Amino acid sequence: MTSTTSSTGGARDSGPRDGGPRDGGRRSKFGRFGARRREVLPEEPLDYKNIAYLAKFVSANGRIQSRKRTGFSGQNQRKLANAIKRARLVALMPFVGRM
Amino acid sequence: MQRTRTYECMCLLDNREVRKGWQPLKEAMLGLFQKHGAKILSGKRWDERRLAYSIKGQPRGTYLLIYFTADTQGLTALRRDLQFNESLLRYLLVDCDEVPQTAYEPEGDFDVNAIPADDAPSPAPEAAPEVEVSSTRGAGKEAADADDTTETTESTTEAGS
């Protein structure tokens, strides 16, 4: 019979500085993959025709990256996802694979 | 209740039809919108490019971007007509809050004969990986299959007990 011991890293005193729990143990979504909070600039709109910009937020397999990686707010992440899906429909971006 | 809105339509046109003449095809497309009561604000070629995936065997296509205002009630009939149009490979019809200034700029010259051949051979595939790598991958797959089998057996045993 094997007993598994769960190691949660509780021995280390983690805090907001090292990306650890903050605000009652809730971990921040951002900064874990090096992504900072990102704003939408007027010269780079989240539009389905702006393929060069949208391609930055798509993985090598063609999947839309998460908010953790893109750094967008919830509203802008939805705009990003919709723009990528529209670009896919008119064959500007692939559903699967590289561009 | 009638309500007029501004829309943006990106039409992906078949290059076989584009080669027969750009202006007649463009006018035919704009006429299709006007037939359903749309008022064309702008309609010009957006780009001619290789598609991310081939549609109806066509690896390339020409995009026509149209901005128009139309009654919301007449949009269903317009969509139906667009779906039946054989020179259209795809279309995307979305709401548009504001027409960009670039839409009103004149369309550049478009030489239909300069469109690359659609049946251009695709680039040669890369050389096959080394034998050792492929054998390793095969071994890994076999191992994974074996694990799957084991799990299936275990689950069967548990279900039986």
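In this predicted model, buried residues account for 17% of the 161 residues of chain B. The secondary structure of chain B consists of four helices and four strands, and their order along the sequence is β-α-α-β-β-α-β-α. Contacts within chain B can be sorted by sequence separation: of those between residues at least 6 apart in sequence, 81% join residues at least 24 apart.

The next topic is the nonpolar core. In soluble globular proteins, nonpolar side chains tend to be buried together. Here the largest nonpolar core contains 35 residues. Ala87(A), Cys11(B) and Leu12(B) are the residues with the most contacts inside this core. E3(B) gives the most, with six residues.

Cys11(B) can be followed in more detail. Its neighbours within four places in sequence set aside, Cys11(B) is in contact with Met29(B), Tyr63(B), Leu64(B), Ile66(B), Leu88(B) and Tyr91(B).

That leaves the contact between the chains. How many residues does the contact take from chain A and from chain B? Chain A provides eight residues and chain B provides nine residues. On the side of chain A that touches chain B, seven residues are nonpolar, one is charged and no residue is polar.

Note on methods:
Residues numbered from 1 in each chain as written. Chains lettered and ligands numbered in written order. Predicted model: local features only at pLDDT ≥ 70, side-chain atom pairs only at ≥ 80, totals over all residues. Contact = placed C-beta atoms within 7 Å. Nonpolar A, V, L, I, M, F, W, Y, C, P; charged D, E, K, R; others polar. Helix = DSSP H or I, 4+ residues; strand = E, 2+ residues; numbered from the N terminus. Buried ≥ 20, exposed ≤ 12 C-beta atoms within 10 Å, placed from the backbone. Core = buried A, V, L, I, M, F, W, Y, C linked by C-beta atoms within 7 Å.
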